[in-house]
Amino acid sequence: MIHVSWNVARNVKVTDPDTYKMIKHCLLQSIKHIQILRDQLVAGGKKISYQSRVKDEPAYYCNECDVEVFNLLFVTSENGSRKMYVVHCEDCARQRNPNLSNVVVLEQCSMEELMSVHVC
């Protein structure tokens with residue numbers, strides 16, 4: 001739903017006041033969560049790498065619990081016959097490794113970018 005709400009906010013002119021209000025609320029909660037999480041990661045010394053979304057890139061879901069993961073992706077490398085990168089939510093990433101070592105955190109949108117969509 002978060003990914004859908006951001007796509008609607010970016011691409012659709014919502015004229016229904018109730019729908020507009022709900023989407024704006026969803027975006028605000030999303031921004032709030034991302035900023036708090038981002039601040040915690042940086043304060044804990046975790047590097048966040050920027051990797052922008054590409055056109056028509058699908059929404060990501062945690063490999064463990066299937067929760068939607070938006071903007072801050074916790075990525076691990078699975079060893080197998082070939083290198084495979086797996087996305088996790090923060091909770092599942094911390095269950096695997098509480099200090100998030102061997103986890104790369106990717107940020108897909110800057111806070112400025114998200115804020116510019118939210119205020120539209």
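Guide: Helices here are DSSP runs of H or I with at least four residues, strands are DSSP runs of E with at least two, and both are numbered from the N terminus. This is a predicted model: local features need pLDDT of at least 70, side-chain atom pairs count only at pLDDT 80 or more, and totals for chains, interfaces and linings use all residues. Residues are numbered from 1 along each chain as its sequence is written, and side-chain values use heavy atoms, leaving out hydrogens and water.

Visitor: In which order do the elements of the protein chain run from the N terminus on?

Guide: Start with the tally. The protein chain has 4 helices and 6 strands. From the N terminus on, their order is α-α-β-β-β-β-β-α-β-α.

Visitor: What share of the residues in the protein chain is buried?

Guide: First, the cut-offs. Buried means under 20% relative accessible area, exposed means over 50%, and partly exposed lies in between, with a 1.4 Å probe and protein chains only. The protein chain has 120 residues, and the buried share is 35%.

Visitor: How many residues of β4 are buried?

Guide: Strand β4 covers residues 72-78. The rest of the structure largely encloses β4, because the buried residues among its 7 number 5.

Visitor: Which residue in β6 stands opposite L73?

Guide: Two strands pair if DSSP finds at least two bridges between them. β4 and β6 pass this test, with 4 bridges in the antiparallel sense. L72 has the bridge partner E107 in β6. Opposite L73 stands L106.

Visitor: Which residue in β5 stands opposite T76?

Guide: Strand β5 covers residues 84-88. β4 and β5 pair in the antiparallel sense over 5 bridges. Within β5, the residue opposite T76 is V86.

Visitor: In which sense do β1 and β6 pair?

Guide: Strand β1 holds residues 48-50, and strand β6 holds residues 104-107. Y50 has E107 as its bridge partner in β6. The two strands share 3 bridges, and their sense is parallel.

Visitor: Is N97 buried or exposed?

Guide: Find N97 in the loop between α3 (90-96) and β6. Its relative accessible area is 19%. Since that is under 20%, N97 counts as buried.

Visitor: How long is the polar contact that joins the side chains of N97 and S101?

Guide: A polar contact is a pair of N or O atoms within 3.5 Å; within protein, one must be able to donate a hydrogen and the other to accept it, and residues adjacent in sequence count only if both atoms are side-chain atoms. S101 lies in the loop between α3 and β6. S101 is partly exposed, because its relative accessible area is 32%. The polar contact between the side chains of N97 and S101 is 2.9 Å.

Visitor: What distance separates the C-alpha atoms of S101 and K24?

Guide: Along the chain, S101 and K24 are 77 residues apart.

Visitor: How far apart are the mean positions of the positive and negative charges?

Guide: Lys and Arg count as positive, Asp and Glu as negative; His and the chain ends are not counted. Each charge is placed at NZ of Lys, CZ of Arg, CG of Asp or CD of Glu. The protein chain has 14 positive and 14 negative charges, and their mean positions are separated by 4 Å.
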